[in-house]
Structure formats: C-alpha cells, structure tokens
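Trainee: I've just opened this one and would like to be walked through it. Could we start with the overall layout and then move to the details?

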Amino acid sequence: MKVGNLDGRLILIGDDGAYVDVAEGSAGRFGHDPTAVYDRWDEFLEWAATVDFSPENRVDTGQLSPPVPTPRQIFAIGLNYSDHASESGFAVPDQPTVFTKFVSCLASPHCDVTLPGDGNTDWEVELVAVIGRKGTDIDESDAWSHIAGLTVGQDISERLTQSAGPAPQFSLGKSFPGFGPIGPWVVPVAEFSDPDDLELGCSINGTEMQRGRTKDLVFSVPALVSKLSRIVTLYPGDLIFTGTPAGVGLGRNPQVYLQEGDELVSWVEGIGEIRQRFVSAAARGENAA
C-alpha cells in the first residue's frame, strides 16, 4: 500500500498500480488534501486496510505530484553519513547538523528542474521521513510510532549560493524551485521489514553516482525524530530529509555538477524511484513560448 497525490487529490495505491481516490472511496470520511491526511493517520490506516482496489483505475509515477505538497516544516540533516562528512572535509558531527528547505522547492517525482544561471548544482539522494503524529520530547525508542511513512527525496544543492556571504546559506542554496523533489509516494512504516536498513542511491545519465544504506546514518531516523523534538514540536506531515551518503559532485576530484540535459534518477529500497531532467532557464523559456 502506498499513499500518493494525483492532480492534487489524495489517492491510495495498491501494489499493482491500481488506485482509489480517497475522498470518493471513503464517501467523504477523508478529504482530498494529500497533506491533511497525516493529522488523522491512525484512523486513515484503519480505513485503508479495508479498501478493495479496482483494476480499472491505474496510475504510474509519471502522473504523480509531491505526495506531501504542503508540510508545515521541512527539516534537512547535513553530514549524516560519515563517508559524506569525510568527502566534504568535515569531522563526523556529534550532534545533528540541521537546516531547512523551503516548501516552495518541493517538486513532483518526475519533473524538469531549471538550473540557476550561475552556479554549481549538485545532487544528494536522501531517505525522507514523514511525521504522522504530533510530538515533543519524543523518546528514541518510541520514535517510529510518530512516523507515518517514508519516501524518496533529492536535496538538490546550488553550492555557490550555499556558501555565499560571511556565513553559509544552506537553506537558500537548497531551495531553488524544483530543488526538493520527493516521491513517488509515501510507503507506511509497517510495510518495511526493517525500516532502519534500506539501500539508496542515484545515477546521472545511467552512471551510478551514489549508493549507501540507511543503517550507516550517523543519527538514525528515530534519533533524529527524538533530537529534533527536544527543541521543536513535530507536526503531522512534516518532512525530515535524513542526509546523503558519499558520492556528491562537490566531493569529487575534479568536481562534477549537473548540466543541461542530465537525467538524475534516485531510488530507495522498498519505495521506488524519482526522476529529474535538468534544463537551462533559456531552454525552459523557449519551451514555454
């Protein structure tokens, strides 16, 4: 079972691609808003377990929008794999390195992303956790019960903006339009045999650039939920980009950055893949014309 967003409407998707429009299938018990459902996540799961999927309604990932399009908060974690910290020239942190991505950067699982006119645009495949229960001061041992599900994300990063000024501008450099594609859907935590150990990776034009396992996170998903909740309140539908393994363009010698025409494919075991094509601002303007 997977939870998705089709043309702004919440859908429930079966393993074979058949789907149910939730507002229609629940006779209005749940609304059509893909983000609002996380406020009633436990109730929604109970209903979802009773759904029969019609083979006449099918969807593929290319039709979907961001599964959580309007979260209240987006947290992102830097240097959360030791090999990525090393390639970035930093020591492994003893506390999570936290920044935010702005909601306006969220994008569909299959989309075109416009490259900024000047800059070095990089890739960072990440597991993204979706909060399903409001909480503060959450114990690490109870953290998975506060997570609705998991999805695939790319923390696309424009390195010049990120490092400009007297202090780093992580949030701005990682929040250009399209720099937060997520999807293709949210998979509930109960669907994973071991949600603490998932393989993830990405490729550019068919060449593998990153591959890792979430068991190697410096701060696990439950640890992140617990530590964040000691400071801020976590709300249903909030997103946590949990960090990226080694293999980003900044850490290569020579450095490599995304170019016009590149296709970036990112995936997480047990969830699926997202796919982005990169275009120049000029090319996008010509296509729009």
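Trainee: How far apart do the C-alpha centres of domain 1 and domain 2 lie?

Mentor: The C-alpha centres of the two domains lie 26 Å apart, and the contact between them (contact means heavy atoms within 4.5 Å) takes nine residues from domain 1 and eleven residues from domain 2. Domain 1 covers 2-59 and domain 2 covers 74-284, with bounds that come from an automatic or database domain assignment. Please keep in mind that this is a predicted model, in which local features need pLDDT of at least 70 and side-chain atom pairs count only at pLDDT 80 or more, while totals for chains, interfaces and linings use all residues. Residues are numbered from 1 along each chain as its sequence is written, and side-chain values use heavy atoms, with hydrogens and water left out.

Trainee: And how much area do domain 1 and domain 2 bury between them?

Mentor: They bury about 870 Å², 66% of it on carbon and sulfur atoms, where buried area is the accessible area (1.4 Å probe) that two parts lose on being put together, summed over both. On the domain 1 side, K2, Y38 and W41 lose the most area to domain 2, together 58% of what that side buries.

Trainee: Switching topic, what is the strand order in the open sheet of five strands?

Mentor: The order is β7-β17-β16-β13-β14, with mixed pairing; strands here are DSSP runs (E, at least two residues) and helices are runs of H or I with at least four residues, numbered from the N terminus. Two strands pair if DSSP finds at least two bridges between them. β7 (110-115) and β14 stand at the edges with a single partner strand each, so one side of each has no neighbour in the sheet.

Trainee: Which way do β13 and β14 pair, parallel or antiparallel?

Mentor: β13 (residues 199-204) and β14 (residues 207-213) pair in the antiparallel sense over six bridges. Within that pairing, G201 has R211 in β14 as its bridge partner, and C202 stands opposite Q210 in β14.

Trainee: What does N205 do in that hairpin?

Mentor: Two residues lie between the strands of the hairpin, and N205 takes a positive phi near 55° there, although N205 is not a glycine. Most residues other than glycine have a negative phi. N205 is partly exposed, with a relative accessible area of 49%, on a scale where buried means under 20%, exposed over 50% and partly exposed in between (1.4 Å probe, protein chains only).

Trainee: What about A27, is that one buried or exposed?

Mentor: A27 is exposed, with a relative accessible area of 73%, and it also has a positive phi of about 55° without being a glycine. A27 is found in the loop between α1 (22-25) and α2 (41-48).

Trainee: Then where is T214, and what is it in contact with?

Mentor: T214 is found in the loop between β14 and α6 (221-229), and at 4% relative accessibility T214 counts as buried. Leaving aside neighbours within four places in sequence, T214 is in contact with several residues, including Y81, L127, P195 and D196.

Trainee: Last one: which kind of peptide bond runs from G183 to P184?

Mentor: That bond is cis, with omega near 0°, and P184 is found in strand β12 (residues 180-188). The bond from N253 to P254 is also cis, with omega near 5°, and P254 has its place in the loop between β15 (239-241) and β16 (263-268).
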